[in-house]
Every structure is written in C-alpha cells, then in structure tokens.
Amino acid sequence: MEHRVRLAALTWKEGDVYVADCPAVRIASQGDTEEEALENLKEAIELYFEDVPGVELPQCGEAHAREVEVAFAS
C-alpha cells in the first residue's frame, strides 16, 4: 500500500548548484536546477524511509520560508 505525505522543502542556490532541504526529516539534496534538486530530495526521502514500515511523518499544511537578518560583533 502506498502512503503519501506532504513535507515542507526549502530551496536555495549555493554556488553553481541548487540545494533542497526538508527540515522535518533532516534530509537534503542538490541538483543543477531547482527542479532537479527537489526531485533528488524526494528520491532521497523515499529511499531513506523505504525499509521503515508504518513510519509516522509530520504532515505539512502551508509552509512559509522566511529570511532573518542577524548582526555579529566584529
């Protein structure tokens, strides 16, 4: 039986690659495009949980990514 769950994913460009990160399960991946990074992330999450029967993952409603600016003493 297939079980589907929605998880929040963050993406950003780091140098020449795009990074996709899923904080809920602490898994990240990368790709040459944002779409490729997200596809690689989905595959990594599926492979990670492939042998875990009945795993309970947190469902994600609407997710929002925000930036914060912090100051550091020089």
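## Overall layout

In what order do the elements of the chain run from the N terminus on? They run β-β-β-α. That comes to one helix and three strands. Helices (H or I, at least four residues) and strands (E, at least two) are DSSP runs, numbered from the N terminus.

This is a predicted model, in which local features need pLDDT of at least 70 and side-chain atom pairs count only at pLDDT 80 or more, while totals for chains, interfaces and linings use all residues. Residues are numbered from 1 along each chain as its sequence is written, and side-chain values use heavy atoms, with hydrogens and water left out.

The three strands form an open sheet in the order 1-2-3, with antiparallel pairing. Two strands pair if DSSP finds at least two bridges between them. Strand 1 (10-14) and strand 3 (27-31) are the edge strands; each pairs on one side only. Neighbouring strands are turned by 25 degrees against each other on average, direction ignored. For such angles, axes are lines fitted to C-alpha atoms, for helices over the stretch in contact, and the values run from 0 to 180 degrees between N-to-C directions.

Helix 1 (residues 34-48) packs on this sheet and touches strand 1, strand 2 and strand 3. Contact means heavy atoms within 4.5 Å. The direction of helix 1 makes about 145 degrees with that of strand 3.

Strand 1 pairs with strand 2 (residues 17-22) in the antiparallel sense, over five bridges. Lys 13 has Tyr 18 in strand 2 as its bridge partner. Glu 14 stands opposite Val 17, also in strand 2. The two strands form a hairpin with two residues between them. Gly 15, in the turn, has a positive phi of about 70 degrees.

Strand 2 and strand 3 are also antiparallel and pair over five bridges. Here Cys 22 stands opposite Ile 27 in strand 3. This hairpin has four residues between the strands. Arg 26 takes a positive phi near 55 degrees in it.

## Covered and uncovered faces

Ile 27, Ser 29 and Gly 31 make up the covered one. Ala 28 and Gln 30 make up the uncovered one.

Is Gly 31 buried or exposed? Gly 31 has a relative accessible area of 6%, so it is buried. Buried means under 20% relative accessible area, exposed over 50%, and partly exposed in between (1.4 Å probe, protein chains only). Not counting residues up to four places away in sequence, Gly 31 touches Val 17, Tyr 18, Glu 36, Ala 37 and Asn 40. Asp 16 is 15 residues from Gly 31 in sequence and 9.2 Å from it in space, C-alpha to C-alpha.

Gln 30 is also in strand 3. Its relative accessible area is 48%, so Gln 30 is partly exposed. With the residues up to four places away in sequence left out, Gln 30 touches Val 17, Tyr 18, Val 19, Ala 37 and Asn 40. Gln 30 and Lys 13 lie 17 residues apart in sequence; in space, C-alpha to C-alpha, they are 9.3 Å apart.

## Charged side chains

Side chains of opposite charge can pair when their charged atoms come close. How many salt bridges does a search of the whole structure find? The search finds one. A salt bridge is a side-chain nitrogen of Lys or Arg within 4 Å of a carboxyl oxygen of Asp or Glu. The side chains of Glu 39 and Lys 42 meet in a salt bridge (3.0 Å, N to O). These residues are separated by about one helical turn, because they are three residues apart in helix 1. Glu 39 is partly exposed, at 46% relative accessibility. Lys 42 is partly exposed too, at 45%.

Asp 21 sits in strand 2. Asp 21 is buried yet has no salt bridge. The nearest side chain of opposite charge, Arg 26, is 8.6 Å away. Lys and Arg count as positive and Asp and Glu as negative; His and the chain ends are not counted. Leaving out residues up to four places away in sequence, Asp 21 touches several residues, including Ala 8, Trp 12, Ile 27 and Leu 41.

## The chain as a whole

The chain has 74 residues, and 16% of them are buried. Of its contacts between residues at least 6 apart in sequence, 27% join residues at least 24 apart.
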